Amino acid sequence: MNYNWNWGVLFEGEYLGWLISGVGWTFAVALAAWVLALAVGVLVGVGRTLPSKPVATLCTAYVELFRNVPLLVQLFLWYFVMPEIVPDDLGRWMKRDMPNPEYVTAVIGLGLYTASRVAEQVRAGINAVGPGLTSAAYANGFSTAQTYRYVLLPISFRLIVPPMTSEFLTIFKNSSLALTIGLLELTAQSQQIAEYTFQGFEAFTAATVIYVVIALGATVIAQTLEKYTRIPGYVGKD
Amino acid sequence: MGDFDLSVIWNNLPFLWQGLQLSLWLTLLAVIGGIILGTGLALMRLSGIMPLALAAAGYVNLIRSVPLILVIFWFYFLVPLALGRPIGGFYSALIAFVMFEAAYYSEIIRAGIQSVRKGQVHAGQATGLSYWQIQRYVVLPQAFRNMIPILVTQGIILFQDTSLVFVVSLRDFMTASSIVARTEGRLAEMYIFAALVYFTICFAGSLFVRRLQKAKTA
């Protein structure tokens, strides 16, 4: 193996700045997409469990559609195809005047994709609460809305904290796909440094270490959150 | 919005089919390689031999915390460097996918092995089987039977993931669609078509998984 080591390259010239800017974009995409994914995912997940057949079917269709098309294809559809198939004026605005189109597209694409995964967790959480409590709520004269508001959601949201934290980590990793539409996030920046300096080993190591640190940080936060949201006697090991 | 021109798909069908074949081959080989390597990692973690267990756990956790695209970049850079000569994009990608998916498969397989009741192992020991014989004839056959639906689901995810070889311009179905889209200037048609093809294959796959699950519980 013939390779000239030069770890100092990461701190020379503008390369450190590139990495920092990449980390910034990775966080910006992942966090914004996470907010969107939570909002849409909770709605869709709850929708799948509702007694109303059309709503449940529509929400199931959403999940199947977004889960069975690769995220990369979805990003390209939002970025290249959406401006072509919306009304002309809107399409022109999206192509010319929309501020920061790569970022906006990445957030929407990643957010709506992750929403389908969040929806599955929410649905599983609601189903895990069990039919007994739902029947009890109805027997007490609760409406469907009240049953969800006071019985199903408070319990299921606490039940799904562990799988949701793993989704949260996944969204950071998936934010790297934004580089395919030209957003210079962390992975893209490390690739760019590798190309400019021919020091691929150092550049990719830097990105890997940063991703591992993000994962470790998220795991620590997750464990704290899980400790406080655990329902005593509910999540016990069988 | 221009008129939809479906002839662009028809005219480039052989080229797209070649891409799809590459995607399917990559998926199949990576699933096989990932399961073999993943089984090895799972056995290392459950072996009770500290250094082996730690090494496997470290590898799995490292791979699981980085994005697949970064892993692809890593192996495109490392494989030719380690071998001293280029071996072509397909094999670099295949190695990257096997190494990446093995981490995910090992977690599935570890759970599968742990789902086999301890009594089975004790029965094996009582019959005088060695450690490897117990794994080979008692534990793994039962574990894999329980895992088949999840392994197939992971295979579908892997098939979707192969689209990421786009970042290194390897000509899979996604890259082929993108090449046609650009050269013919027909982005809408080609990307919607690509989405339909991926959806059809993955949805059919998930229906198949549902049937497997039903057959298992029945």
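Begin with both chains shown: the contact between them takes 29 residues from chain B and 29 residues from chain A, two residues being in contact if their C-beta atoms, placed from the backbone, lie within 7 Å. This is a predicted model, in which local features need pLDDT of at least 70 and side-chain atom pairs count only at pLDDT 80 or more, while totals for chains, interfaces and linings use all residues. Residues are numbered from 1 along each chain as its sequence is written, and chains are lettered from A in the order in which they are written.

Next, select helix H4 (68-83) and helix H9 (187-217) of chain B, the elements that give two or more residues to the side touching chain A; helices are DSSP runs (H or I, at least four residues), numbered from the N terminus. H9(B) gives the most to that side, with 11 residues.

Now widen the selection to residues 20-209 of chain B, where UniProt, in an unreviewed entry, places the feature "domain: ABC transmembrane type-1", an annotation that may be inferred rather than shown by experiment. Over this stretch the chain is 84% helix and 0% strand, and the end C-alpha atoms are 22 Å apart.

Finally, move to chain A and select helix H5 (residues 101-129) and helix H8 (residues 161-174), which pack at an angle of about 160° with their axes 11 Å apart; axes are lines fitted to C-alpha atoms over the stretch in contact, and angles run from 0 to 180 degrees between N-to-C directions. H5(A) and H8(A) are therefore roughly antiparallel, a term for angles over 145 degrees. Among the residues making this contact are Leu110(A) and Arg117(A) of H5(A), and Met164(A) and Glu167(A) of H8(A).

Terms used: Angles under 35 degrees count as roughly parallel, over 145 as roughly antiparallel, 65 to 115 as roughly perpendicular and the rest as oblique.
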